[in-house]
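Here is a short report on a structure with its helices, packing and chain contacts in view. Look over the sequence and the model before reading on.

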Amino acid sequence: MRGFWKAFKRNKLAVVGGIVVACLALLAVLAPAISPWDPNRPDVRKILDPPSSRHPFGTDQLGRDVLSRMLYGSQVSLAVGFVSVGIAATIGILLGSAAGYHGGVIDAAIMRLVDLMLVFPRFFLLLAVLAFLKPSIWTIMAVIGLTGWMGVARLVRAEFLALKEREFVMWSQSTGASAFRIIWRHILPNAMAPVLVAMTLGIPAAILTESGLSFLGLGVQPPRATWGNILNEGKDAIELAWWLSVYPGVAILITVLAYNLLGEGIRDALDPRLRQAAGRVVSRGR
Amino acid sequence: MLAYALRRLFLAVPLLIGITFVSFLVIHLAPGDPAEMQTGDVPAEAKRAYEQLRKEFGLDQPLPVQYWNWLKRLVRLDFGKSFAPHGRPVLTMIGERLPITLLLNVVEMLIIVALAVPIGVLSATRQYSTFDKVTTVFVFIGFATPDFWLALLLMILFGIQLGWLPISGLRSMNWEYMSFWQQQWDFLSHLALPILVATFGGLAGFSRYMRQSMLEVIRQDYIQSARAKGLAERVVVGKHALRNALLPIVTILGLSLPGLIGGSVIVEWIFAIPGMGQLMVQAAFERDYPVLMGNLVIVSTLTLFANLAADLAYSLVDPRIRVSRRRR
C-alpha cells in the first residue's frame, strides 16, 4: 500500500485529477448550501439573461440560475456515475468469477452472453429499453449499469483463470474449502486491482452516457437539473444564449478528464503491467 | 482459411438468434406497453380501445408465442409495420436510412484511420517529444469531450457566428434549383460538421491504440536486427514495424464499430440527419416498437458481420490466429 502511494504521488496529473474529483464530490454534497439561487425557481423578468455578477453563468428560458442548476446537476452525475458502475461491477464480478472459476459449460455460456451483449451498439440498446420505462434517475442508473458490465466480467474471468492455478488456491481446494469460500476469500481479493481501475474509468463513461441520454431528452427529466438536460435546453436556444450550451459542457469535460486522469494514475501505480490488462487505451503518455 | 471462415460463420448463428432474443426481450419485459400510448383519455373507451389494440398487435398472447411469431416473420424479412400514423413497413424505413448511416460511418472510419496511423506512428517513434505530448493532451481532451457538446459548440461557431456551414439536414431548401456540382457541394457542406464531430472522439482512441501498438513492436528483437542489418530507419519503421503494429488495429476497428454506430445516434439527432440513429430516437419517443426492434436487430446484425469480417481480415494477414484461436 505504501508503495502504491509513493508511485501514485509521483504522477502529478493523477494527483490533480484526484483533487478535482474530490472537489467535485464536495460541490455536489454542498450544492444546497452554496447554490446562490433556488435551481427550480423561474423568474419571468430574467429570461435568458447573459452571465452577470448576479448570475455568473446566466439564466435559462424560465429565468432560472444556470450556476445553481449546474451545482444540483453535479449531484445527478455523481450519483449516476457511482451507482451504475456499482451495478455493472457487481454483475461483472459475479458472472466473471463464475466463468473463470468453474470453466467448462458455465464459462462458455457466460462468455457467449458477453459476446452477445457487446454486439449491440450501446446507445441503440439504451434507447430501446428507455422507450418503455418511466424516465427517472433510478431507471437511468439501472439501465446504464445493466448494459455496462461486460468489460468487468471479461477482466475478472481473465484474472481468475490466471489465479486458480496458483498454489494458495490449490492448497485451499485440497483442504476441502467450498467453491464460494475460495472465490470470495482467496481469489477475488487478489483479482480486485484491475477491477478497481476499470470501475474508476467506468464512472466518467457512465457520466458521459447519462448526459448524452439526458441531452436527447430520454434521460433524467426536467425540472430536475442535469448537465445533459441543461445542454438540451441550450440546443433550443442556441442562437440566443451561448452560455446555456457552453458551461455545462465544460463541467462534463472537466469531470470526465479528472476521473480519467485519476483512473490512469491508480492503474499505473498499482501495477504498470495493468496498462494492457485493463484493456483501456488512454495511458499517461509520459 | 476457408475452414476457419466457415467455422466463424457457423459460430455466428447462435449469436444471431441471441440478437433477436435480446431485442425482443428488452422491449417486452419493460413494464410499459406499446398499446398504452395509443389510447385516449375516456376511461371506459380507453380500456376497450386498449384491449383491442393489444389483440391487434398480438400482445395478449404469451411471450414465447409472440417471440415465435415474430421470429417466423423475421426469417421472411418481414419486420412488421411502424406504429406511426403512416404505418409504413419497418424494412422500407430502415432501407431509406441505412445508406446514410453507413456512408457517415465509413467516411468517419476512413478519416480516423488515415489520421490516426501517422499520428500514432509519429508519437511512438518520438516518444516524449513535444509532438507526443501535444497528442497525448489531445487524446485526453478527446476522450472527455461529449460529442453532443462539441456539436453544439461547432454549430454556434461555424453555423451561427461565422455562418459558413449549414447546421441541420442533408440538403438546403433550394436544393432542387441548384446545378449538379452545387448540389454535390451542398451535400458535402451539410456532412462536414457531423463528420468532424463523429471523427473527433474516435480519432483520440485510435491514435492512442496505434501509438501503444507501435511502441510494443519497436521494442521487439526483429526490429533491432533490422536496424543491425543496416537498414534505413525509414524502412525499419515504415515497413517492418508499421506492418506488425497495424495488425491489432484491424481487430480494434471491428470491435469499435458498435461504438461508432452508437455514436451516430446523437450526431444524427443533433444535425437532423435522416439516418438510423435519428430513426431510433424518434421511435423511442413514439414507443414505436416494431421500428425499435427492427433497428436493434439490423444494427447489431451488421455489427456482428463487421466484427466477423475484421476477424477474417486479421487471420488473413496474420496466419497464427487461425491456429491459436482454436480454444474458442
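Which residues of α10(B) are buried? They are B:Val236, B:Val237, B:Ala241, B:Ala245, B:Ile249, B:Leu253 and B:Gly254. Buried means that 20 or more other C-beta atoms, placed from the backbone, lie within 10 Å of the residue's own. The cover over these residues includes α5 (90-125), α8, α9 (221-228), α11 and α13 of chain B.

This is a predicted model: local features need pLDDT of at least 70, side-chain atom pairs count only at pLDDT 80 or more, and totals for chains, interfaces and linings use all residues. Residues are numbered from 1 along each chain as its sequence is written, while chains are lettered from A and ligands numbered from 1 in the order in which they are written.

**Helix α10 of chain B**

Helices here are DSSP runs of H or I with at least four residues, strands are E runs of at least two, and both are numbered from the N terminus.

| Feature of α10(B) | Value |
|---|---|
| Residues 233-255 | 23 residues |
| Span, first C-alpha to last | 32 Å |
| Kink centred on B:Leu242 | about 45° |

The expected span is 1.5 Å times one less than the number of residues. The bend at a residue is the angle between axes fitted to the seven residues ending there and the seven starting there.

**Chain A**

Chain A has twelve helices and zero strands. Its C-alpha atoms fill a box of roughly 75 × 45 × 30 Å along the principal axes. Of its 286 residues, 50% are buried. Contacts put C-beta atoms, placed from the backbone, within 7 Å. Among chain A contacts with a separation of 6 or more, 70% join residues 24 or more positions apart.

Helix α3 (residues 66-102) of chain A packs against α9 (residues 179-216) of chain A at about 145°, with axes 7 Å apart. The contact includes A:Gly81 and A:Phe82 of α3(A), and A:Gly202 and A:Glu210 of α9(A). By class, this contact has 16 nonpolar, five polar and one charged residues. Nonpolar covers Ala, Val, Leu, Ile, Met, Phe, Trp, Tyr, Cys and Pro; charged covers Asp, Glu, Lys and Arg; the others, Gly among them, are polar.

**Between the chains**

In the interface, 46 residues of chain B are in contact with 40 residues of chain A. Elements giving two or more residues to the chain B side include α1 (2-29), α8 (180-218) and α13 (289-317) of chain B. That side divides into 33 nonpolar, ten polar and three charged residues.

Conventions:
Contact = placed C-beta atoms within 7 Å. Buried ≥ 20, exposed ≤ 12 C-beta atoms within 10 Å, placed from the backbone. Axes fitted to C-alpha atoms, helices over the stretch in contact; angles between N-to-C directions.
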